[in-house]
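Try each one before reading its solution.

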Amino acid sequence: MHKELWNDAAGGFHPASAPDYLPEQALREVQLRRLRAVVDHAYNNVALFRARMEARDLTPDSIQSLADIAKLPFTVKADLRDTYPSGLFAVPMGDVVRLHASSGTTGKPIVVAYTREDIQVWSEVMARALACYGLHRGDILQNAFGYGLFTGGLGVHYGAETLGATVVPISGGNTDRQLMVIRDFGVSALCCTPSYFAHMLERADELGIDIRASSLRVGVFGAEPWSNAMRHRVEELAGIRAYDVYGLSEIVGPGVASECTEQHGLHLFEDHFYPEIIDPETGEPLPDGEEGELVITTLSKRAMPMIRYRTRDITAIIPERCACGRTLRRMRRIERRSDDMFIIRGVNVFPSQVEAALLAVEGTLPHYQIILTRSGGLDQITVEVEVTAEVFSDKVRALEDVRARLAQSIERILGIRVILRLVEPRTIERSQGKAKRVIDRRHD
């Protein structure tokens, strides 16, 4: 692993970022060598993967080029649940130094395993992500992602320590304490979900705390889709630069991809995670620039290699080189997933579209819920959104004006009309982790 020494100047180029600038040909050679090794490892140590390859008359020797990856079978989330707890492990339990798991809200939890080498890779890619945001040794990073079985907390923690930053492992919750620590410790970077940061800003306003006057300059947000409208709102309110970090437990956790200071797409750390974009319906690969479902193959994961894992995240590879100079390919920000889509009167709707429509209207707050119901055999959608205290306490005419502008904004983006319910601030329940945006009561 590339490490910065104690006497390297703070704020300089971090050695961990060196792979971000590999010449394309050298990067492709690394990818192919690692792909062939990880396929051989999975074939020989994971029964499910070997059976699926044999069903296609494939052996590890079938992979002679990067294009041959399309021959390999997909892995999906159900595979992890069906083989619970350790059916996809490719090493003995004695080689596993860490286990993480999903919350298991739908069926059995998803368990992921790491060897010591896997933890080192995870620390490295997360350090590279933080370096992309302009963070360095000397920064104080407050980590409000949840610790424990959730991968977010420890993933960011190890990456920040590898970078040489000072870590405040505060985890989620206790918002008043979070605000106190930002002020008292001179925190320069904060990591959490975007919805929780919106709640922190709200609480700061109630306490008379001006976040813009604090030392905070960088927000690192992930674990849930969030729109550019949300980014602009929190940047304006907090006086920070808000960056996206992407990851998922099944692959490694946070650190699969990150924005850089250009804020134009997320660089994929593709020396460790090989990306494909496929047609979600046919499974066929799509060229760079076309939108589809992101599929990732881990190129260095030893404990639990994931081969062609279908993320269900909708994005596209950006074909142009980034102005930051990194040679790693970028993907568009993830604002929607194929499995969070719902259909209303024949129209495909994503929560992120609703968020963008709401935040485009002045007088709204970044707190909303989408409630799906059924009446007379027809699906109905109600959008509940908080408005500012000034709007809510003003004359009826002001509320109706905001309602009309919201209805127009939503209809322009979604192409359908919705039932709008404007509520006063702090009506909608806050979340300290991932926000629950959609409540489906159609089958109650």
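For the classes used below, Ala, Val, Leu, Ile, Met, Phe, Trp, Tyr, Cys and Pro count as nonpolar, Asp, Glu, Lys and Arg as charged, and the others, Gly among them, as polar. This is a predicted model, in which local features need pLDDT of at least 70 and side-chain atom pairs count only at pLDDT 80 or more, while totals for chains, interfaces and linings use all residues. Residues are numbered from 1 along each chain as its sequence is written, and side-chain values use heavy atoms, with hydrogens and water left out.

**Exercise 1. Describe the largest cavity and its lining.**

Step 1: settle the term. On a 1 Å grid over the protein atoms alone, a cavity is a set of points where a 1.4 Å probe fits but cannot get out, and lining residues have an atom within 4 Å of a point. A volume is the space filled by probe spheres set on the points, which are joined across faces, edges and corners.

Step 2: find the size. The largest cavity holds about 110 Å³ of space.

Step 3: list the lining. It has 13 residues, and Val46, Phe49, Thr75, Leu88 and Pro305 lie nearest the centre. Ten of the lining residues are nonpolar, one is polar and two are charged.

**Exercise 2. Work out the order of strands β10, β11 and β12 and how they pair.**

Step 1: Strands are DSSP runs (E, at least two residues), numbered from the N terminus, and two of them pair if DSSP finds at least two bridges between them.

Step 2: read the order. The open sheet runs β10-β11-β12, with antiparallel pairing. Because β10 (273-278) and β12 (309-315) each have a single partner strand, one side of each is left without a neighbour in the sheet.

Step 3: check the bridges. β10 and β11 share six, with Phe273 opposite Thr298. β11 (residues 292-298) and β12 share four; here Gly292 partners Thr315 and Ile296 faces Tyr309.

Step 4: look at burial (under 20% relative accessible area, 1.4 Å probe, protein chains only). Seven of the seven residues of β11 are buried, so this strand is largely enclosed by the rest of the structure.

**Exercise 3. Find how many disulfides there are.**

Step 1: apply the cut-off, a pair of cysteine sulfur atoms within 2.5 Å. The count is zero.

Key:
Buried means under 20% relative accessible area, exposed over 50%, partly exposed in between (1.4 Å probe, protein chains only). On a 1 Å grid over the protein atoms alone, a cavity is a set of points where a 1.4 Å probe fits but cannot get out, and a pocket is an open set with protein on both sides within 12 Å along at least five of seven lines; lining residues have an atom within 4 Å of a point.
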